[in-house]
Amino acid sequence: MLECKLLAPPTAKLGQPVMLGFSLHNRSPQDVWVLAWNTPLEGLRGRFLSVRGPAGELAYQGPMFKRGAPQPVDYRKLTAGQTLQVEVDLGLVYDMGKPGPYTVRYTGQLHDVVLGAVPAPGGKLHAQPLSCPGVAFKLLPA
């Protein structure tokens, strides 16, 4: 019911932002509420991407969060047919300091997906895998 895409320009330059686009499309005829945790919908706040550069896998260097029960504000609503799109700068949490080829894959899952009304706090979570084709780009010298 949900379709995911990662987008990146074919090239970027060292020292410039390295923008990754993320879109989530609701293909169902119903409204869907998605918990944004560990997705680009809430920014780069966890290990849910695999980023490989010229020297191999890059370590995530951003914040990690310990969380309680999700609240309604933690969800994003996708009406039937709607697409949510965000962009994040990979350079904020990954060391993008070497020129060469890079690949990015989404390795997370959706921790809660609810049809219809916004989820009530403390309810049972309904995790769902999310398949998202990877992207490749080349980082050029400045």
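Is Asp31 buried, exposed or partly exposed? At 26% relative accessibility Asp31 counts as partly exposed, where buried means under 20% relative accessible area, exposed means over 50%, and partly exposed lies in between, computed with a 1.4 Å probe on protein chains only. Before going further, note that this is a predicted model, in which local features need pLDDT of at least 70 and side-chain atom pairs count only at pLDDT 80 or more, while totals for chains, interfaces and linings use all residues. Residues are numbered from 1 along each chain as its sequence is written, and side-chain values use heavy atoms, with hydrogens and water left out.

**Stop 1: the salt bridges**

Lys77 is partly exposed, with a relative accessible area of 37%.

Next select Arg52 and Glu57, which form a salt bridge whose closest N and O atoms are 3.4 Å apart. Arg52 is partly exposed at 41% relative accessibility, and Glu57 is also partly exposed, at 44%.

**Stop 2: Glu42 and Arg67**

Now select Glu42, which is placed in the loop between strand S4 (32–35) and strand S5 (49–53) and is buried, with a relative accessible area of 12%. The side chains of Arg67 and Glu42 meet in a salt bridge of 2.6 Å, N to O. Arg67 is partly exposed, at 29% relative accessible area. If you display contacts, meaning heavy atoms within 4.5 Å, and leave out residues up to four places away in sequence, Glu42 touches Ala36, Trp37 and Arg67.

**Stop 3: Asp74**

Which residues does Asp74 contact, leaving aside its neighbours within four places in sequence? They are Val34, Leu35, Ala36 and Trp37. Asp74 lies in the loop between strand S6 (56–57) and strand S7 (75–78). Asp74 is buried yet has no salt bridge, and the nearest side chain of opposite charge, Arg67, is 5.8 Å away; in assigning charge, Lys and Arg count as positive and Asp and Glu as negative, while His and the chain ends are not counted. The side chain of Asp74 does reach the backbone nitrogen of Gln71, at 2.8 Å.

**Stop 4: the aromatic rings**

Switch to the rings of Phe, Tyr and Trp (its six-membered ring), which pair if their centres lie within 6.5 Å, with planes under 30 degrees apart counting as stacked, over 60 as edge-to-face and the rest as tilted. A search of the whole structure finds 4 aromatic pairs. For Phe22 and Tyr106 the ring centres are 6.0 Å apart and the planes stand at 45°, so the pair is tilted. Phe22 belongs to strand S3 (residues 19–26) and Tyr106 to strand S9 (residues 100–106), 84 residues apart. Phe22 is buried at 1% relative accessible area, and Tyr106 is buried at 6%.

Then move to Tyr60 and Tyr94, whose ring centres are 6.0 Å apart with planes at 65°, so the pair is edge-to-face. Tyr60 is in the loop between S6 and S7 and Tyr94 in the loop between strand S8 (83–89) and S9, so the pair ties together parts 34 residues apart in sequence.

**Stop 5: the disulfide**

Finally select Cys4 and Cys132, which form a disulfide with their sulfur atoms 2.0 Å apart, the cut-off being a pair of cysteine sulfur atoms within 2.5 Å. The torsion about the S-S bond is about -70°, so this disulfide is left-handed. Both Cys4 and Cys132 are buried.

Terms used: Helix = DSSP H or I, 4+ residues; strand = E, 2+ residues; numbered from the N terminus. Salt bridge = Lys/Arg side-chain N within 4 Å of Asp/Glu carboxyl O. Polar contact = N/O pair within 3.5 Å; in protein donor to acceptor, adjacent residues only side chain to side chain.
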